[in-house]
Amino acid sequence: MDDAFPAGVVEGFYGPPWSHAARVDMIKFLGKNGFNTYIYAPKDDPYHREKWAEPYPRNLFDRIAQLVRASKRCGVNLCFAVSPGLSIRYSSEEDFAKLTLKFEQVAKLGVKWFGLFLDDIPMELEHEEDRAAFRSLGEAHAHIGNRLLKKLEDVVGNGARLILCPTQYVGTEPTDYHRALGEELSQDVNVMWTGRYVCTPEVNAEDADSFAAGIGRRPFLWDNYPVNDYVQQRKIFLGPVRGRSPDLLDHLSGFVSNPMNQAEASKLALITLREYLRNPRAYEPDRAWEKAVKETLPKPMWRPFLTVSEHSRGSFMDTRESERLGRLVNSVSENTKDAGRIKALHDYLVVQRREVNSLLRNLRGPLRVELSPMLRKMSDLLGVGIASADLLRRARRKATKADRRKAKIIESMLRRAEKREFQVLGEVRLKLTDPGRESFDRDNYISGLAKLAIGCAEGS
């Protein structure tokens with residue numbers, strides 16, 4: 001990776017922020033893996049967004065100071081971001097003073113990188129005084145960005161750096177907002193972009209250049225993978241970075257990943273991002289994922305973890321998940337009397353559950369804490385699948401009362417398993433909010449298998 005090219009992580013998700021210990025550990029991980037950027041911007045830190053105008057209380061400020069010290073030790077630039085857009089008056093001297101005081105508080109710690117995040121706010125000027133002072137929201141954002149950069153340069157010197165996340169951070173066609181922002185904003189300010197969509201399957205140089213034409217500079221990519229706040233943390237994305245073109249980096253001013261609320265599990269995808277950034281033209285996602293697993297876990301866990309990740313990998317980048325399981329279930333569905341097909345499915349499910357349970361027994365540390373609830377659901381569902389295959393095997397000729405009792409037991413097992421809300425074993429539900437873009441909704445394969453077995457046992 002190029003040391004001059006900002007690359008790393010933006011802690012920019014909604015939902016429970018990382019713990020302080022997880023942040024320190026992430027900074028160490030970033031430095032160890034050649035990343036140079038950590039952006040502090042957790043949406044549910046009240047002093048980042050809702051209480052942006054209030055200085056951090058002493059106990060929370062001390063923790064930020066510890067993050068700054070950790071970043072310096074690890075060779076990582078900590079970028080401190082504030083998100084004032086829900087209430088700030090862009091023309092107000094009072095509000096500007098509160099904003100700069102917030103940044104100055106952190107600048108005293110030696111921080112030189114700052115973020116002004118104006119995302120996820122209304123697209124119109126909300127305050128009467130702003131409507132009188134500015135022709136558009138884009139002009140107002142350029143105005144405050146320029147003033148803030150000048151103030152930061154006065155405070156910390158020429159090393160001051162400002163990254164601005166615009167309100168329209170998505171798309172490829174320039175808008176009036178982009179043009180107003182791009183024309184007025186200092187060229188020394190980076191402008192963030194998530195790609196064609198909020199969660200973009202493929203990011204390429206052509207799209208980056210198209211967005212750049214509007215903002216008047218190369219975009220700074222905020223990549224929304226493996227973040228899982230938009231699925232309420234119910235999917236743990238265990239798969240590699242995909243769909244970033246080999247020539248993309250030459251058309252960006254920076255690249256940060258927005259990880260999951262599960263910090264430790266996010267590191268596997270971040271290792272694959274490291275591999276992409278090191279050599280995008282030679283990058284192979286599946287090989288990078290295997291490398292990430294082998295770097296993260298002891299050898300006895302490699303195969304179980306690769307098995308588990310096959311059943312929790314579906315994302316907006318690649319919705320494929322549990323493909324072999326899906327084929328086996330579909331094969332049985334086509335002919336529920338074929339003993340060979342049922343046996344192949346049964347044997348596969350037994351092996352998968354053995355691997356999942358092995359991981360449940362042997363995982364340690366933060367990764368165990370993050371993954372155990374998902375692994376337990378996976379194990380429970382696979383148990384339902386094994387029981388369902390057994391029932392299909394018994395009910396091939398004529399269902400009995402015992403088979404119907406077994407069907408009731410399977411119904412109960414399935415209800416218990418599905419109380420855990422994690423999406424696994426083919427279940428991928430992506431509520432994508434981009435205009436004109438359909439959400440993706442697929443049930444897990446075990447649920448369909450159980451209903452098939454129950455129907456056969458009941459004679460339907």
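Q: How many residues does helix 3 have, and what span is expected for helix 3 at 1.5 Å a residue?
A: In this predicted model, helix 3 (residues 93–107) has 15 residues. The expected span is 21 Å, and helix 3 reaches 20 Å from its first C-alpha to its last, which is close to that value.

Q: Which residues of helix 3 are buried, and what covers them?
A: Buried means under 20% relative accessible area, and the residues of helix 3 that are buried are Asp95, Phe96, Leu99, Thr100, Lys102, Phe103, Gln105, Val106 and Ala107. Their cover includes helix 2 (58–74), strand 3 (77–82), strand 4 (113–117) and helix 5 (137–156).

Q: Why is helix 11 called roughly antiparallel to helix 12?
A: Let's look at the angle. The axes of helix 11 (residues 323–334) and helix 12 (residues 339–362) cross at roughly 150 degrees and come within 9 Å. Angles over 145 degrees count as roughly antiparallel, so helix 11 is roughly antiparallel to helix 12. Their contact has nine nonpolar, one polar and three charged residues.

Q: What makes helix 13 roughly parallel to helix 15?
A: Here the cut-off is under 35 degrees. Helix 13 (residues 365–394) and helix 15 (residues 445–457) pack at an angle of about 30 degrees, with their axes 9 Å apart, and therefore helix 13 is roughly parallel to helix 15. The crossing of this pair is left-handed.

Q: Which residues of helix 13 meet helix 15?
A: Leu381, Val384, Gly385, Ser388, Leu391 and Leu392 of helix 13 do, and among their partners in helix 15 are Ile446, Leu449 and Ala453.

Definitions and conventions: Residues are numbered from 1 along each chain as its sequence is written. This is a predicted model: local features need pLDDT of at least 70, side-chain atom pairs count only at pLDDT 80 or more; totals for chains, interfaces and linings use all residues. Side-chain values use heavy atoms; hydrogens and water are left out. Axes are lines fitted to C-alpha atoms, for helices over the stretch in contact, and angles run from 0 to 180 degrees between N-to-C directions. Helices (H or I, at least four residues) and strands (E, at least two) are DSSP runs, numbered from the N terminus. Angles under 35 degrees count as roughly parallel, over 145 as roughly antiparallel, 65 to 115 as roughly perpendicular and the rest as oblique. Ala, Val, Leu, Ile, Met, Phe, Trp, Tyr, Cys and Pro count as nonpolar, Asp, Glu, Lys and Arg as charged, and the others, Gly among them, as polar. The expected span of a helix is 1.5 Å times one less than its number of residues. Buried means under 20% relative accessible area, exposed over 50%, partly exposed in between (1.4 Å probe, protein chains only). Contact means heavy atoms within 4.5 Å. A crossing is left-handed if the near helix is turned anticlockwise from the far one by less than a right angle, and right-handed if clockwise.
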